[in-house]
Amino acid sequence: MRVLAISGSLRSGSNSTALLRALREEAPEGVEIVLWNGLKAIPPYDEDDDGLDAPASVTALRELVRGVDAVFIATPEYNSSVPGALKNALDWASRPLATNVFRNKPVAVISSSAGAFGGVWAAAELRKVLGAMGARVTDVELSVGHASAVVSDDVRESLRAGLDVLLAEVAPAFAAAV
Amino acid sequence: MSTITQSQTQTQTEVPAGTWKADTVHSSVAFEVPYAVATFGGSVDDFDATLADGTLAGSARIESIQLKEENLRAHLLSPEFFDAERHPVVRFSGELARDGDAAKIDGEITIKGITQPAVLEGTIVGPAVDHFGATRVGLKLQTTIDRTRFGMNWNMPLPNGEPALSNDVTLKAELTLVAEEA
């Protein structure tokens, strides 16, 4: 089973990316976490550039999402919402809307922030966006406040629990077995 | 024709006996829901219905939902609404009761894998023999359900704070049922 992990942050010391690295370490046998690092290469969305000649970076993202069983997104919170780069990538991935690669795809959303609230508003908005795209948004809720690049054992446990929920959405029998 | 005349002159309470199958060309299954300032509606093309010894059972394939805009159709098929990938069929089953031209069916409807009681009310015409010699019964039924009881909770606030989409959805069925030959 393959799970695409998308970090909404670009910086090298990103707490969101650290959470996904920890997720990869916590993944059970038989589950491959594919950490995507192509966010920065996605150009600003322009419908004129879409279609058969879509940018290679966009085509690669679409193919990646199409080929995995589920997607796990960790987002920071910028101005009480989803970072522009992440939203822009999802806007590309969501076209054409009726048949986009996220449609019916099981998705988990988690968030983090340096403050106390852990990016809950960004996570809520991201779930709304993914729902509108037709994704199968799971009930995974993990918002890590006072986040740092060091992921605590408690958070690792929550990540593993979140992954279990996501895997159960993909294949209940598989989740019960791991 | 003589049977229709009879139903107009005396109260008929017996439900049609035997087995009757929907002539889907002359039947329709549709929904209506208040949306913003108007009513939004759609229909499903692929459905079936059978009345057998007073029990009406029907099902509709959600993939066949007809809407004017493909993205809106995709939204209705998505997990936020019907989740057609996991729950492709809507089902209804219930017992028909007749009081003259009035029809009432106490039954259960299953949407998105969730079964709830539902009462369909409307009218019944016939049995009557058509111009090809087949015997037909007409049922015109509707009920209103709360979509949130079937796991369809999507909404969007209007500028005045009110939700854009009503929770109450009216389901309508106009069925022409044809008697199966014994």
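Guide: Helices and strands are here DSSP runs numbered from the N terminus, a helix being H or I over at least four residues and a strand being E over at least two. The model is a predicted one, in which local features need pLDDT of at least 70 and side-chain atom pairs count only at pLDDT 80 or more, while totals for chains, interfaces and linings use all residues. Residues are numbered from 1 along each chain as its sequence is written, and chains are lettered from A and ligands numbered from 1 in the order in which they are written.

A nonpolar core is a set of buried Ala, Val, Leu, Ile, Met, Phe, Trp, Tyr and Cys residues joined through C-beta atoms within 7 Å, where buried means 20 or more other C-beta atoms within 10 Å of a residue's own, exposed means 12 or fewer, and partly exposed lies in between, the C-beta atoms being placed from the backbone. The largest such core has 49 residues, and those that touch the most other members are A:Val3, A:Leu19, A:Val71, A:Phe72, A:Val107, A:Val109 and A:Leu130. In chain A, at least two residues of this core come from each of β1 (2-7), α1 (15-26), α2 (56-67), β3 (70-75), α3 (84-93), β4 (106-112), α4 (120-133) and α5 (153-170), and α4(A) gives the most, with six residues. Beyond its neighbours within four places in sequence, A:Val109 is in contact with A:Ile73, A:Thr75, A:Ala123, A:Leu126, A:Arg127, A:Leu130 and A:Val140, a contact being two C-beta atoms, placed from the backbone, within 7 Å.

On α2(A) the contact is made by A:Val58, A:Leu61, A:Arg62 and A:Val65, and on α3(A) by A:Ala89, A:Trp92 and A:Ala93. By class the contact has six nonpolar residues, no polar and one charged, where Ala, Val, Leu, Ile, Met, Phe, Trp, Tyr, Cys and Pro count as nonpolar, Asp, Glu, Lys and Arg as charged, and the others, Gly among them, as polar. In the loop between α3 and β4 of chain A lies A:Pro96, joined to A:Arg95 by a cis peptide bond with omega about -10°.

For the setting, chain B has two helices and 11 strands, and of its 182 residues 26% count as buried. Another core, apart from the one in view, has 32 residues, including B:Ala49, B:Leu96, B:Ile109 and B:Ile124. Between the chains, eight residues of chain B are in contact with seven of chain A, and the chain B side divides into two nonpolar, three polar and three charged residues.
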